[in-house]
Amino acid sequence: MVSATPIEFTDPRFEEQKFQTITIKPTFDYVKGMNLHATNNLLQAAKEVFAGLKGNCFVFCNSTDTIYSLMQQLDLLDESAVFCSEKSVEKLKGLKFENVSDIWDKGIMKRYNWLTSRFYNAVDIELEEKPTILLLTDCYFADYTAFDPNTDTIQCVGRFRNGVSSIHHISNTNRNFMVRSKEELKGRISCWKDVYDMLQNHYDYVTTVSAKDAYGTILTSLPYAEMLDEKGRSKYFKIDNYINTELVKGYYNCPDNLHEAYKNCDAFTINNYSILDYKLGDYERLQRSNKSNSIKEKRKIMVQQLELLGECQTEMEYQFKRDLEQADSFIVEAYNKIGKEEIERLKYNRKKIKEAMIIADYHAKVTGTEVSQMIYNSFETGKWYSRKFIKEEISRIFKLFGIVPKKAVTSHTILDFFHAVESKRKNIKGYQLTMRKGI
């Protein structure tokens, strides 16, 4: 077994059969300079770093979705080639991106060449030039893009047989990634195995079909079940990979951990370590896109982020605000017009917020159509309203704006704003609104 970047093996056969480990150390200086850019916003950091690059670049990122998103947002589609799996080739072609291949092909190479994990090792890329190498990690939307400095990063750089001009790793970090030692992880697996073995023993000796079925269901759901082969034997390769993956996750808990991981790797020396911090980052984007949050919870998050952003001064900050508008234009407009305190006072009630916005426009003399807007905020097409409610609500709105109508307000006043049909509900007279007349 030969590897340039071996991980530790737990398979007991390596000890039982007395395998010998031979380490070959180069006599030449093989250490390469690394530029590490830790950030809270992968897109903005990529913009900054890419802007300072010259010549051809090879960008390693193990997520086709992230690659396509960055190519779009960095406006690099026409200058890019992607090398990925056959399945991802079809995905990108479905998005009308054609310069893509599942094999390395110098003929389609562009200035920016994006590669997924299929090309992290076992591929020789022979070029006359020495390109710039970039590694991109997104811990929030694609945690499988994390690079192990001791294996993945070395392998990626090693693809280029004529050497590289510079290496950059741009990464966000995630405090939710647990930091565990190798001993803790081994102990964790040992506990998993004890629990599995105990329940397996119960499964083997139960006397009813229903009990056997119950224990069988539990056994397949246990974490240690993932560490077994089809015959129920421990699969040490999976255990080794699990331990290594969890150790690597710990590197990405915070910028200092990642920096320390590179310092402890004898293949690299840190030339430049920068922390690119922005007002809004990937964590905030994840909060906005969390589908488990209610609309009210999402709007609370949006208002908090608008507060963090404050008064926009740079193009980047204006872009952040545009991103927020794209996520929820209503709450951004409300924040601009009536502010955080008023939104919170109204408890994020959409109808009440809209009313406050219309009144704010009226006082600012924005359109002159605020009364109509208020009516259309209070009444909805397709709904039925009693005569009493119609009269009281229209009277309230007119009073808010200091309007003295030429004729008395009655339920019929609604016909100035809607096409409607008179009808009864439980012997109460009212109107079914069918269509707006005004704006």
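Buried means a relative accessible area under 20%, exposed means over 50%, and partly exposed lies in between, computed with a 1.4 Å probe on protein chains only. By that scale Glu392 counts as partly exposed, at 46% relative accessibility.

Good morning. The structure above is a predicted model, in which local features need pLDDT of at least 70, side-chain atom pairs count only at pLDDT 80 or more, and totals for chains, interfaces and linings use all residues. Residues are numbered from 1 along each chain as its sequence is written, and side-chain values use heavy atoms, with hydrogens and water left out.

I begin with the salt bridges. Side chains of opposite charge can pair when their charged atoms come close. The rule applied here asks for a side-chain nitrogen of Lys or Arg within 4 Å of a carboxyl oxygen of Asp or Glu. By this rule the model has 23 salt bridges.

Glu392, with which I opened, takes part in one of them: its partner is Lys388, and the closest N and O atoms are 2.9 Å apart. Both residues belong to helix H16 (residues 387-400), where they sit four residues apart, about one turn of the helix. Helices here are DSSP runs of H or I with at least four residues, strands are runs of E with at least two, and both are numbered from the N terminus. Is Lys388 buried or exposed? At 59% relative accessibility, Lys388 counts as exposed.

Next, please look at Glu380. This residue meets Lys351 in a salt bridge of 3.7 Å, N to O. The pair links distant parts of the chain, since Lys351 lies in helix H14 and Glu380 in the loop between H15 and strand S9 (384-386), 29 residues apart. Glu380 also forms a salt bridge with Lys383, where the closest N and O atoms are 3.6 Å apart. How accessible are these residues? Lys351 is partly exposed at 34%, Glu380 is partly exposed at 34%, and Lys383 is partly exposed at 40%. Elsewhere, a network of salt bridges links Glu8, Lys182 and Lys186.

Contact means heavy atoms within 4.5 Å. Apart from neighbours within four places in sequence, Glu246 is in contact with Met178, Arg180 and Leu185.

Let us return to H14. Two packed helices are described by the angle between their axes and the distance between the axes. The axes are lines fitted to C-alpha atoms, for helices over the stretch in contact, and angles run from 0 to 180 degrees between N-to-C directions. Helix H14 (residues 350-363) packs against helix H15 (residues 370-378) at about 175°, with the axes 9 Å apart. H14 is therefore roughly antiparallel to H15; angles over 145 degrees count as roughly antiparallel, under 35 as roughly parallel, 65 to 115 as roughly perpendicular, and the rest as oblique. Which residues of H14 and H15 meet? From H14 come Lys351, Lys354, Glu355, Ile358, Ile359, Asp361 and Tyr362, and from H15 come Glu370, Gln373, Met374, Asn377 and Ser378. By class, this contact has four nonpolar, three polar and five charged residues. Here Ala, Val, Leu, Ile, Met, Phe, Trp, Tyr, Cys and Pro count as nonpolar, Asp, Glu, Lys and Arg as charged, and the others, Gly among them, as polar.

I turn now to the sheets. Two strands pair if DSSP finds at least two bridges between them. Strand S3 (residues 80-83) is joined to S4 by two bridges in the parallel sense, and Phe83 stands opposite Ser101 in S4.

Another open sheet has three strands in the order S9-S11-S10, with antiparallel pairing. Its edge strands are S9 and strand S10 (418-425), and the twist averages 35° from one strand to the next. How many bridges join S10 to S11? Eight bridges join these antiparallel strands, and Val421 has Gln432 in S11 as its bridge partner. S10 and S11 form a hairpin with two residues between them, and Lys426 in the turn has a positive phi of about 55°.

Finally, H16 lies across S9, S10 and S11, running at about 80° to S9. Thank you for your attention.
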